[in-house]
Amino acid sequence: MRPLPHRLRTLAATVVTSLALLGGGPSRAEELVTALSADVVSIQSNFTGTEIVVFGQIGVDVKTVPRPGRYDLIVKVEGPAQQITTRRKGRFLGVWVNRDYETFVEVPSFYSLASTARVGELGDRELLDAHGLGLNHLNLAISGHSDVPLSERDDFRQAFLRLRADQGLYSERPESIEFLTNTMFRTTIPLPANIPIGKYSVQGYLIQDGVMLARTEQELAVAKSGFEQVTFNLAQNHPAVYGLLAVILAGITGWLAGLIFRKD
Amino acid sequence: MQLYLPIAEIPVNIFMIFGMGGAVGFLSGLFGIGGGFLLTPLLIFSGIPPAVAVATVTTQVTASSTSAVLTYWRRKAIDFKLGTMLLVGGVMGSIIGVFLFEVLQKLGQLDLVISLSYVTFLGTIGSLMLVESVRAMRRRRSGQVVRVKRPGQHNWIHGLPFKMRFRQSRLYVSVIPVITLGATIGFLGTILGIGGGFMMVPALIYLLRVPTNVVIGTSLLQILFTMATATVLHAMQTQTVDIVLALALMIGGVIGAQFGARMGQNLRGEQLRLLLALLVLLVGLRFAVDLLLTPEDLYSIAIMGGAGA
């Protein structure tokens, strides 16, 4: 992230301007403003993962009496929804086979939560559940037809979260938000190489003593570009042409190799 | 050097892919097999999504068999008439295979069927080949005359109707077993995502008594066209053929296949069969172990819909 300092300056300017505009806004005492280091993450052939910087400022009205206690911040990044089946193997006639399964519908394909404190210290369960703050508070809805007994449902849920975390797609990073001044903050969200493409949502939450004071939401697009995009689009939109191209490519490669290595 | 794959949607080390393609290509040229049954598990093991691995391997096998078919063609070691009849059966088998593939996928037991089939077919064919090749080597060592073709020793297959003359193979057999064999291999190949050469070669030798000098070329011809068809079908049905991954595998594969084909000429038939038998058994054993040992993780997840499905 070499161009960062310049970007940060631009972002700081944006934040200050936004704050000025917010001056005459609603009567809420605290405001939260966030900005991203990039609106688009483009995936090219050299893509091995990247990171985005979320930058923000807490704005406190001059007339407001400063509240005692500290502010807590959360930055949550969620990827486009997926439907995921979690399967569990069991022995059947001496062989390990997939037996029970649970399908989670509309779960985020990517989930990253950065916060100033541990999730449990940020607020009560009701608040965390309502906004899906923390892996244990994610709403993992299951599809109607499930044969898994109620007592084992949590095993599937925990296994799902663990496997996604192993893939680097789900993470919870407490105390990863850095304060630059008393009110300005910054956090870096790593995006691994296996992130799915689509529209991501970046949400900022300002909490104090378990009370949600303000929140922001921004969109982040993850898209393929250049050759990656052309190839992907061809495969999706003209599959027959793509398939024939693959066969022709294979034929030419095989023929060329034969030509090059021909001895006689 | 890391390279991001446009369809698999993950970065891979391109030299590792070249290496895998080269190693499998070498064996493919040596034994006259497509190598799919080795490459597909290797790719899955290295983190490529299974659907992409299966589909992309068909493209790689197309390339390596093109190269090998040309080599055998120049050596006039292909029976085109026999190959065409096998292919007729192969296409029919593939269509049935595609249908069953979908049914199994819906039931969520495709992986199990693939593993069990690998264990069954690799185990059976590997054992048969092992026994046969060891016997042949013993006979040779004890100085007995080895007769590859045993005239007058006809099996029941030679009693079937609709006989056809295959001049190059010096065969006069019914087309029924030829088409049935092609269909069986085409069907299994589609389900397992492999060319099926390791099953085709022994079947042609032991069941149809095709002479060993044309058996590999003819089997490769059938594999080439079945795999080319499979590539197009996979691209159209599941959009999982990764052209970048395929190209990397192909380049490694065709180079390896050239060396393999040359080395194969220096080895005797039964030596080749013994080596192939051991290889086939080893892969079968690997699948058996996975089925029998308690897995490290009982749970697994699969994306069924939405982003990246």
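Which residue stands opposite Glu51(A) in β11(A)? Select Glu51(A) and Pro190(A): Pro190(A) is the residue opposite Glu51(A) in β11(A).

This is a predicted model, in which local features need pLDDT of at least 70 and side-chain atom pairs count only at pLDDT 80 or more, while totals for chains, interfaces and linings use all residues. Residues are numbered from 1 along each chain as its sequence is written, chains are lettered from A and ligands numbered from 1 in the order in which they are written, and side-chain values use heavy atoms, with hydrogens and water left out.

**Stop 1**

Select residues 50-60 of chain A for β3 and residues 184-191 of chain A for β11; the two pair in the antiparallel sense over eight bridges. Helices (H or I, at least four residues) and strands (E, at least two) are DSSP runs, numbered from the N terminus. Two strands pair if DSSP finds at least two bridges between them.

Now extend the selection to the open sheet of four strands, whose order in chain A is β1-β3-β11-β10, with antiparallel pairing. The edges are β1 (30-36) and β10 (178-179) of chain A; each has a single partner strand, so one side of each is left without a neighbour in the sheet. Strands of a sheet pair through backbone hydrogen bonds, either parallel or antiparallel.

**Stop 2: strand β7 of chain A**

Select residues 111-115 of chain A. Five of the five residues of this strand, β7(A), are buried (buried means under 20% relative accessible area, exposed over 50%, partly exposed in between, with a 1.4 Å probe and protein chains only).

Next, centre on Leu113(A), which lies in β7 of chain A and is buried, with a relative accessible area of 0%. Leaving out residues up to four places away in sequence, Leu113(A) touches Ile74(A), Val75(A), Lys76(A), Val119(A), Leu133(A), Gly134(A), Ser171(A), Glu172(A) and Arg173(A). A contact means heavy atoms within 4.5 Å. For a distance check, pick the C-alpha atoms of Leu113(A) and Glu30(A): they are separated by 22 Å, and the two residues are 83 apart along the chain.

**Stop 3: a hairpin in chain A**

Select β5 (81-92) and β6 (95-108) of chain A, with the loop between them. Eleven bridges join the two strands, which run antiparallel. Ala81(A) has Pro108(A) as its bridge partner in β6(A).

Which residue in the turn has a positive phi? The hairpin has two residues between its strands, and Leu93(A) in the turn has a phi of about 55°. At 77% relative accessibility, Leu93(A) counts as exposed. Most residues other than glycine have a negative phi, and most peptide bonds are trans.

**Stop 4: chain B**

Switch to chain B, which has ten helices and five strands. The C-alpha trace of chain B spans about 65 × 40 × 40 Å along its principal axes. For 309 residues, a compact globule would have a radius of gyration near 19 Å, and the 19 Å of chain B agrees; the radius is taken over C-alpha atoms, and the globule rule is 2.2 Å times the number of residues to the power 0.38. Of the 309 residues of chain B, 56% count as buried. Among contacts in chain B between residues at least 6 apart in sequence, 76% join residues at least 24 apart.

Select Arg209(B) in the loop between α7 (197-206) and α8 of chain B. Arg209(B) is not a glycine, yet has a positive phi of about 60°.

Finish inside helix α8 (residues 212-237) of chain B, at Thr231(B). Is Thr231(B) buried or exposed? With 0% relative accessibility, Thr231(B) counts as buried. Setting aside residues up to four places away in sequence, Thr231(B) touches Gly243(A), Ala246(A) and Val247(A) in chain A, and Thr58(B), Thr59(B), Thr62(B) and Val241(B) in chain B.
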